[in-house]
Amino acid sequence: LAEEGAPDMATFTAGLKGGALADVIEQQEEEEEDVVEEEGSGLQTAPKMLPVVLSWGHGGLDVSVTGSFHDWERTVPLRRIGPEQSVMVYLEPGTHEYRFLVDGEWKHDPTKPTVTTSTGDVHNVIEVTQKMIDDWNNGRVLDLRPRIGKGCGGEGEDADPSIPPRSLFACGGGEYGRLGGGTDKSCPIPALVQYLERHIVKAVATGGSHSLALTDKGEVYAWGSNSYGQLSNPESGNHMRPWLVEDLLGRPVVQIDCGFHSSAAVTGRGELFVWGWD
């Protein structure tokens with residue numbers, strides 16, 4: 001999903017600053033971002049930027065992206081995950097234009113916001129505000145919640161600000177409903193999984209086209225593709241919202257994992273349950 005060292009599926013993090021995404025951020029900050037010198041201090045600190053996932057899901061073998069955030073001087077290759085290719089970039093406040101190089105041909109994603117240049121070229125565009133960056137770096141989540149359902153195609157009303165900030169966020173490719181936001185649209189900015197916002201999520205696992213979440217009560221929720229029964233849902237097809245795995249009720253789960261089309265759970269009694277593609 002991201003540049004080297006990042007997880008291989010849609011990126012998830014509980015409470016914004018935990019999990020694999022935090023490791024990706026820390027590594028990229030150390031290796032790639034520019035440094036600025038604080039005036040009069042003699043110290044160097046990294047500028048605060050927002051991690052954003054840029055995805056392409058319209059075919060092609062060799063896909064990369066360039067944009068105003070790189071002064072249009074270099075392209076960054078995308079990594080294929082299922083039918084979509086993605087990469088994570090770090091953006092400063094402002095409006096950023098970008099476009100994709102697909103098998104040697106410049107293209108834009110028609111499903112995402114666009115702008116037409118003075119020369120007639122069509123670029124995709126994304127806006128990053130300082131408030132979004134501050135919320136991300138400070139671990140505040142309440143100010144991000146109203147964006148869900150508007151900026152990322154999710155359903156439902158704005159989140160209740162009284163809800164504790166121990167929630168699940170997701171970003172990346174949305175095919176099969178694997179982000180759990182009630183839609184199959186992709187989302188480049190970490191977005192609250194609203195249907196789990198009243199649960200404390202302790203662990204997350206992702207497969208090729210589905211996802212699992214484990215709550216503090218030992219319950220397992222599943223969403224995404226159920227084409228091989230990997231959600232333990234009696235209805236096949238794609239499920240855009242988290243579904244409680246009822247077959248595990250009464251057996252508190254302590255660990256979860258996913259194969260590409262399979263799921264697994266370990267209970268507190270040491271029982272192992274697996275389901276999906278054999």
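Let me start with Asp 103, which lies in the loop between β9 and β10 (105-107), where helices (H or I, at least four residues) and strands (E, at least two) are DSSP runs numbered from the N terminus. This residue has a positive phi of about 50 degrees although it is not a glycine. Most residues other than glycine have a negative phi. Asp 103 counts as partly exposed, because its relative accessibility is 45%; buried means under 20% relative accessible area, exposed over 50%, and partly exposed in between, with a 1.4 Å probe and protein chains only.

Before I go on, please keep in mind that this is a predicted model, in which local features need pLDDT of at least 70 and side-chain atom pairs count only at pLDDT 80 or more, while totals for chains, interfaces and linings use all residues. Residues are numbered from 1 along each chain as its sequence is written, and side-chain values use heavy atoms, with hydrogens and water left out.

Asp 71 also has a positive phi, of about 55 degrees, although it is not a glycine. You will find Asp 71 in the loop between β5 and β6 (76-77), and it counts as exposed because its relative accessibility is 56%.

Now to the aromatic rings. How many aromatic pairs does the structure hold? It holds three, where rings of Phe, Tyr and Trp (its six-membered ring) pair if their centres lie within 6.5 Å, and planes under 30 degrees apart count as stacked, over 60 as edge-to-face and the rest as tilted. One of them is formed by Trp 56 and Phe 100, a tilted pair with 5.0 Å from centre to centre and 45 degrees between the planes. That pair links distant parts of the chain, since Trp 56 is in strand β4 (residues 50-56) and Phe 100 is in strand β9 (residues 94-102), 44 residues apart. Trp 56 is buried, with a relative accessible area of 3%, and Phe 100 is buried as well, at 0%.

Another pair is made by Tyr 228 and Trp 277, whose ring centres are 5.2 Å apart and whose planes stand at 25 degrees, so this pair is stacked. Tyr 228 lies in the loop between β17 (220-225) and β18 (238-244), and Trp 277 in the segment after β21 (272-276), so the pair ties together parts that are 49 residues apart in sequence. Here Tyr 228 is partly exposed, with a relative accessible area of 39%, whereas Trp 277 is exposed, at 54%.

Let me turn to the nonpolar cores, each a set of buried Ala, Val, Leu, Ile, Met, Phe, Trp, Tyr and Cys residues joined through side-chain atoms within 4.5 Å. The largest of these has 20 residues, and among the members that touch the most others are Val 65, Tyr 98 and Phe 100. The largest share of this core, four residues, comes from β4. Leaving aside residues up to four places away in sequence, Val 65 touches, among others, Leu 54, Leu 78, Val 87 and Phe 100, where contact means heavy atoms within 4.5 Å. There is also a second, separate core of 13 residues, including Val 220 and Val 245.

Finally, the cysteines. A search of the whole structure finds zero disulfides, a disulfide being a pair of cysteine sulfur atoms within 2.5 Å. Cys 171 counts as buried, at 2% relative accessibility, and so does Cys 258, at 15%.
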